[in-house]
Amino acid sequence: MRKIPTFLSTGILSLLSSAAFAHQGHDHSHWSSSALHMLFYGSLVAVVASVTFFVVKQFRNKDSRKREEI
């Protein structure tokens, strides 16, 4: 149970570190730039879709359990 707060605090601290923001940028004129951007945004969409799916699934399971109790 204590693993989740530790994991979250470690993740938040790593994102807030100054080394995470030390980015020199990247070349948008490179031939692979458009494909890499599509992969990046596609992965963001996939994460949002999977989180939404599991949240909806949890709520439906809770609703069905309540109906069985009644």
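1. Overall make-up. The protein chain holds two helices and zero strands. The model is a predicted one. Helix α1 covers residues 3-16, and helix α2 covers residues 33-69.

2. Burial. The protein chain has 70 residues, and 3% of them count as buried.

3. Nonpolar surface patch. Which residues form a nonpolar patch on the surface? They are Ile-4, Phe-7, Leu-8, Ile-12, Leu-15 and Leu-16. Is Leu-15 buried or exposed? Its relative accessible area is 58%, so Leu-15 is exposed; the cut-off for that class is over 50%.

4. Start of helix α2. Ser-33 lies in helix α2, which spans residues 33-69. Why does Ser-33 count as buried? Its relative accessibility is 7%, and buried means under 20%. Leaving aside residues up to four places away in sequence, Ser-33 touches Asp-27 and His-28.

5. Aromatic pairs. How many aromatic pairs does a search of the whole structure find? The count is two. Phe-40 and Tyr-41 make an edge-to-face pair. Their centres are 5.1 Å apart, with 65° between the planes. Phe-40 counts as partly exposed because its relative accessibility is 44%. Tyr-41 is also partly exposed, at 49% relative accessibility. Phe-53 and Phe-54 form an aromatic pair as well, again edge-to-face. Here the values are 5.3 Å centre to centre and 70° between the planes. Both Phe-53 and Phe-54 are exposed.

6. Reading the ring geometry. The distance of the centres and the angle of the planes describe a pair of aromatic rings. Planes over 60 degrees apart count as edge-to-face. The angle between the planes is 65° for Phe-40 and Tyr-41. For Phe-53 and Phe-54 the angle is 70°.

7. Ser-50. This residue is found in helix α2. What does the side chain of Ser-50 reach? It reaches the backbone oxygen of Val-47, at 2.9 Å. Ser-50 has a relative accessibility of 31%, so it counts as partly exposed. Ser-33, which is in helix α2 too, counts as buried at 7% relative accessibility.

Technical notes. Residues are numbered from 1 along each chain as its sequence is written. This is a predicted model: local features need pLDDT of at least 70, side-chain atom pairs count only at pLDDT 80 or more; totals for chains, interfaces and linings use all residues. Side-chain values use heavy atoms; hydrogens and water are left out. Patches are made of residues with over 30% relative accessible area and no salt bridge: like charges are joined within 9 Å, nonpolar side chains (Val, Leu, Ile, Met, Phe, Trp, Tyr) within 5 Å. Accessible areas come from the Shrake-Rupley method with a 1.4 Å probe; for residues, only the protein chains shown count as cover. A salt bridge is a side-chain nitrogen of Lys or Arg within 4 Å of a carboxyl oxygen of Asp or Glu. Helices (H or I, at least four residues) and strands (E, at least two) are DSSP runs, numbered from the N terminus. Buried means under 20% relative accessible area, exposed over 50%, partly exposed in between (1.4 Å probe, protein chains only). Contact means heavy atoms within 4.5 Å. Rings of Phe, Tyr and Trp (its six-membered ring) pair if their centres lie within 6.5 Å; planes under 30 degrees apart count as stacked, over 60 as edge-to-face and the rest as tilted. A polar contact is a pair of N or O atoms within 3.5 Å; within protein, one must be able to donate a hydrogen and the other to accept it, and residues adjacent in sequence count only if both atoms are side-chain atoms.
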